[in-house]
Amino acid sequence: MRNTRLLSIGLFSVAFGTGAFFSGTAVSKASNVDGMKIYLQHCKTCHGVDGNPTDLGTGLGARKFADPEWQAKTTDERIIEQINEGTPEMMMPFKEKLTPDEIKALVPVIRSFKE
Ligand code: HEC
């Protein structure tokens, strides 16, 4: 009985170790996605280098990402949804242009803008 338990703990750590190895690979792959680079490539024309909207962005109705109130009430899911779907007439959707990993990498960039 005791031995069986020890054995299963042993097997569990082997499985866990392998899992960590693979997810470690996945993580390092994801971190190769440079969110800021994507932001500067696709978003700064409207949202500005520092998250303050450009004239174009302001004209279309973009807000300041640095606004603490907006940061507090906006979830990561909402940011991802906005990038995927956009807003008709205001912001184009990006789900066909960027991969899910690239879109996810933009969340910390949006979060990094502070007043
Ligand atoms: C053509 C100009 C334009 C571009 C390019 C653009 N946006 Fe926007 N974005 C807007 C406008 C305008 C709004 C306001 C839309 C609204 O209030 O529904 C907005 C809103 C947002 C919001 C806020 C949504 C909310 O709930 O308040 C986020 C987050 C966002 N954009 C992220 C991005 C990211 C990331 C990119 C680049 C991948 C990007 N945008 C590219 C114009 C743009």
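Visitor: Which residues does His47 touch, not counting residues up to four places away in sequence?

Guide: This is a predicted model, and in it His47 touches Tyr39, Asn52, Pro53, Thr54, Ala62, Arg63, Phe65 and Met91, with residues up to four places away in sequence left out. His47 itself lies in helix α3, residues 44-47.

Visitor: Is His47 buried or exposed?

Guide: The cut-off for buried is under 20% relative accessible area. His47 has 14% relative accessibility, so His47 counts as buried.

Visitor: How are two packed helices described?

Guide: Two values are used: the angle between the axes and the distance between them. Here, helix α6 (residues 76-85) packs with helix α7 (residues 100-112) at an angle of about 120 degrees, and their axes are 9 Å apart. That angle makes α6 oblique to α7.

Visitor: What is the handedness of the crossing of α6 and α7?

Guide: The α6 and α7 crossing is right-handed. On the α6 side, the contact is made by Asp76, Ile79, Ile80, Ile83 and Asn84. On the α7 side, Ile103, Lys104, Leu106, Val107, Ile110 and Arg111 take part. Sorted by class, this contact of α6 with α7 has seven nonpolar, one polar and three charged residues.

Visitor: Which residues of α7 are buried?

Guide: They are Ile103, Ala105, Leu106, Val107, Val109 and Ile110. These buried residues of α7 pack against α2 (35-42), α5 (68-73) and α6.

Visitor: Why does Ala105 count as buried?

Guide: Ala105 counts as buried because its relative accessibility is 14%. Leaving aside neighbours within four places in sequence, Ala105 is in contact with Val33 and Gly35. Ala105 and Val33 are 72 residues apart along the chain, yet their C-alpha atoms are separated by 6.8 Å.

Visitor: Which members of the largest nonpolar core touch the most other members?

Guide: A nonpolar core joins buried residues through side-chain atoms within 4.5 Å. The largest one here has 16 residues, and those touching the most other members are Tyr39, Phe65, Ile79, Ile83, Leu98, Leu106 and Ile110. The elements giving two or more residues to this core are α2, α6 and α7. Helix α7 supplies the largest share, five residues.

Visitor: What does Ile110 touch, not counting residues up to four places away in sequence?

Guide: Ile110 touches Tyr39, Phe65, Trp70, Gln71 and Ile79. Tyr39 and Phe65 are also among the residues that His47 touches.

Terms used
Residues numbered from 1 in each chain as written. Predicted model: local features only at pLDDT ≥ 70, side-chain atom pairs only at ≥ 80, totals over all residues. Heavy atoms only, no water. Axes fitted to C-alpha atoms, helices over the stretch in contact; angles between N-to-C directions. Helix = DSSP H or I, 4+ residues; strand = E, 2+ residues; numbered from the N terminus. Parallel < 35°, antiparallel > 145°, perpendicular 65-115°, else oblique. Left-handed = near helix turned anticlockwise from the far one by under 90°. Contact = heavy atoms within 4.5 Å. Nonpolar A, V, L, I, M, F, W, Y, C, P; charged D, E, K, R; others polar. Buried < 20%, exposed > 50% of the residue type's maximum accessible area, 1.4 Å probe, protein only.
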